[in-house]
Amino acid sequence: MAEAVAPPGRRVLAWAQEYGVYAAVGVLLLFNVLFTPHFLDVANFRTQLVQVAPIVIVSLGMALVIGTQGIDLSVGSVMSLAAALVALYLGYGAWPALLVALVGGAVAGTAGGALVAYVGVQPIVATLALLVGVRGLANVLVPQLVEFRNPDLIALGSSSLSGVPVIVVIAAVLTLLMAFLVRRTTFGRQVVAIGGNRAASELSGLPVRRVLLLVYVISGVLAALAGVLATARLQASDPTSLGLFIELSAITAVVVGGTPLSGGRIRVLSTVMGALLMQLLSATLIKHNLPQSWTQIVQAVIILAAVYATRERGTR
Amino acid sequence: MSQSAAPVLEARQISKRFPGVVALDGVSLALLPGEVHALVGENGAGKSTLIKVFTGVHRPDGGELIYNGAPAAFGTPLDAQRAGISTIYQEVNLVPMMSVARNLMLGREPRGRLGVIDTARMYGEAERILAGYGVVTDVRRPLRALGMGVQQMVALARAVAIDARVVIMDEPTSSLEPREVETLFSVIRKLRDDGIAVVYVSHRLDELYEVCDRVTVLRDGRVAHTGPLAELERLKLIALMLGRDLDEVRTGGLTRFSRDRRRARERDGARPVVQAEGLTRRQVLHGVDVSVWPGEVVGLGGLLGAGRSETAKGIVGALPLDAGRVLVAGLPLRTGSTTAAIRAGVSLLPEDRKAEGIIPALSVRENIALAALPSLSRAGVVSDAKIDKVVEVFMRRLRIKAASPHQPVQELSGGNQQKVLLARWLAIRPKILLLDEPTRGIDVGAKAEVQALVDELAEEGLGVLLISSDLEELVEGADRILVLREGAVVGELSGDDVTEDKIMASIAERGAESDG
């Protein structure tokens, strides 16, 4: 076929889209090993991974939503709701509180998903409403920062499994689960098909609305879990500022990972790489004493580059 | 009418090619001032391309456009509009949230001092203009609050008000009530008397004969006929549109043997596999009844816009219905749910393969397995072994040509994409297949293969509803044919009556409108 002999420029671009994130992470790691003092310290690695874990968990849900041509702006607020619920129900013990928080996330996700799937509201509008409303609700439940001393919850945020922080283990396990869900399950394949062509999926008898609803529920539950983990690490519930702007970090991770915003394709591992890349980038620039504003500018460049690579492929 | 005979707009040997298709091939058309010119043709004939050349959306690859006696090259639609060529599309393209008056006067509002819009004058002027079209309404209301007919009239008034010399109307009556159609026609006649040239695109023959003076028939990008409409028999017009020569049409086909056998089975069969009763949808379907027996191929005939695709979509639950019900093997089907229809064994191969059929970025394998996924998985986890087996079976049986099952389906030819979609349906073993233009846009070889497959499936006892604009395909493939016109069944042909000219005669019958 004619496709086989693509011009070199196009091949480079296709390669960059497929493996660009991995290469970028590799280059940045190498740079740090060579030029950043104490970079190889175990403590440094731990800090970086613990910091990025909640973003990774939220991004997994975001990738699923974006795969359906949707977007979920409510994730940060759902995190704050989870933080508030945990603080309220901690009296019953850490695990019941965690369960309540996850149910809260599921309810928020159901609300967003129902608006999108059954009412037909555009995802950006539906989840924007939740972004505002859910944080308001969280602030009503817990108006100011509440510290806690529950040992189980604190352990969730700070203990380690054979040297690896529990938060990081959870994020890694969820990544594998999500990859399995997308690649190997009926649900995952249906999500991708709906994102690829909704009309065709409907005519093929896929339960389009149910799948869409479930996608937002999953995103909500993952955001709630991220909220609980972040709260556990902080050892305080802070609904006012927890998860602020995390939706932007999550969308960035998904986009930089090469998942097209036009749907029909979900790259789970690359999304995690996207989150790691952004984390590593800001850490690198901070270590080299560059101001925060520089980090933001570099991040913008990377986002544009990623979008450019994805776009070229899509319009072929 | 009695003005100069020089054409106001003339296309001379216009050609337009798109990758892989010649949309227009040396098309010439002269538009006289003060005439209503019908432009007709089936899908893909080149009507919309020609209109887009007239309105500056497309630039012709060859030939020239003469406007007011001088060569014209419109760079953009705005250029054409400024020069006096206005288009009114099927869907009114105005601003629904703005008031009627604002829409009417958009871009040329009367201004007072300081350049502020003089609203009082604007409303007055708008009311006066609309009254000229027989529309009396509160021009302060937002446009969307009005009926489609009034919206269309506002669009028309706006087009004429910006000094149009040529007005192009693309299916203007498709969303109008009969009363509104009458108003529209009187406006069209008024335009004609004012010396404006009107291009009228429609598939409703009654309307064409009522309002048009001349007709140009396009077929496969060429002019098949042009001349006064009144002198042209309806049957002849349909023959021209469908590319049939009346004298050449012979009764009978070559593939009769299987048909007789199937008809015998139909009589024995206890009940139809699908029975649709009174399918109704405002403006589109008016009580369509269709039954298909197992092993029978039922053809739906009719012109574009007659409601054939809508009937199929109504049966499968993809088109919301106002009334009517569908029975599958005697059991009523929940309407409005494609999932329920597919579970009951009714599958639709849609007309628009790209928009409603394939999932372009997914592989051949995933496209085939899509509908059958639940049965190809265990506890929600897909089984690669099962999928591979099904995909292999159907790729071989339908002779799907792909580099590998993992090739993205968008890289395949149209014919192979169509086979992938057929495989998707066959993989779930339907009781009845609704095929909407199954061979459109695919090469001759694949076409023959698809036709043979349809025959074979019917032999195996599958019910098939076949929609095709290709009369030959319909006659050869179908055991029985229902002819639709304007959303209603107007004829049923079976046995020796299944011939091309009987179908055309049925389409051509004058609409028996009972005006009360």
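**Reading a two-chain predicted model**

Q: Into which domains is chain B divided?
A: Domain bounds like these come from an automatic or database domain assignment. Here, chain B splits into domain 1 (9-242) and domain 2 (256-345 + 430-508). Bear in mind that this is a predicted model, where local features need pLDDT of at least 70, side-chain atom pairs count only at pLDDT 80 or more, and totals for chains, interfaces and linings use all residues. Residues are numbered from 1 along each chain as its sequence is written, while chains are lettered from A and ligands numbered from 1 in the order in which they are written.

Q: How many residues of domain 1 of chain B are in contact with domain 2 of chain B?
A: Contact means that the C-beta atoms of two residues, placed from the backbone, lie within 7 Å. By that test, ten residues of domain 1 of chain B touch eleven residues of domain 2 of chain B. On the domain 1 side, that makes four nonpolar, three polar and three charged residues (nonpolar covers Ala, Val, Leu, Ile, Met, Phe, Trp, Tyr, Cys and Pro; charged covers Asp, Glu, Lys and Arg; the others, Gly among them, are polar). The C-alpha centres of domain 1 and domain 2 of chain B sit 34 Å apart.

Q: How do I read the overall build of chain B: how many helices and strands?
A: Helices (H or I, at least four residues) and strands (E, at least two) are DSSP runs, numbered from the N terminus. Chain B has 18 helices and 22 strands. Its radius of gyration (over C-alpha atoms) is 25 Å, close to the 24 Å that the globule rule (2.2 Å times the number of residues to the power 0.38) gives for 516 residues, so chain B is as compact as a globular protein of that length. Along the principal axes, the C-alpha atoms of chain B fill a box of roughly 75 × 55 × 50 Å. If you take contacts in chain B between residues at least 6 apart in sequence, 68% join residues at least 24 apart.

Q: And packed helices: at what angle do α5 and α6 of chain B pack?
A: Two packed helices are described by the angle between their axes and the distance between the axes. For α5 (residues 148-161) and α6 (residues 178-193) of chain B, the angle is about 10 degrees and the axes are 10 Å apart. That makes α5(B) roughly parallel to α6(B), a label for angles under 35 degrees. The contact of α5(B) with α6(B) has six nonpolar, three polar and one charged residues. Among the residues that meet are Met153(B) and Leu156(B) from α5(B), and Leu184(B) and Val187(B) from α6(B).

Q: Now the two chains: how many residues of chain A are in contact with chain B?
A: 21 residues of chain A meet 26 residues of chain B. α8(A) gives the largest share of chain A's side, seven residues. By class, that side has eight nonpolar, eight polar and five charged residues.

Q: Is His38(A) buried or exposed?
A: Count the other C-beta atoms within 10 Å: 20 or more is buried, 12 or fewer exposed, and in between partly exposed. His38(A) has 9, so His38(A) is exposed. His38(A) sits in the loop between α1 (8-35) and α2 (42-67) of chain A, with a positive phi near 65 degrees. Ala379(B), in the loop between β17 and β18 (381-382) of chain B, has phi near 50 degrees and is exposed with 6.

Terms used
Axes are lines fitted to C-alpha atoms, for helices over the stretch in contact, and angles run from 0 to 180 degrees between N-to-C directions. Angles under 35 degrees count as roughly parallel, over 145 as roughly antiparallel, 65 to 115 as roughly perpendicular and the rest as oblique.
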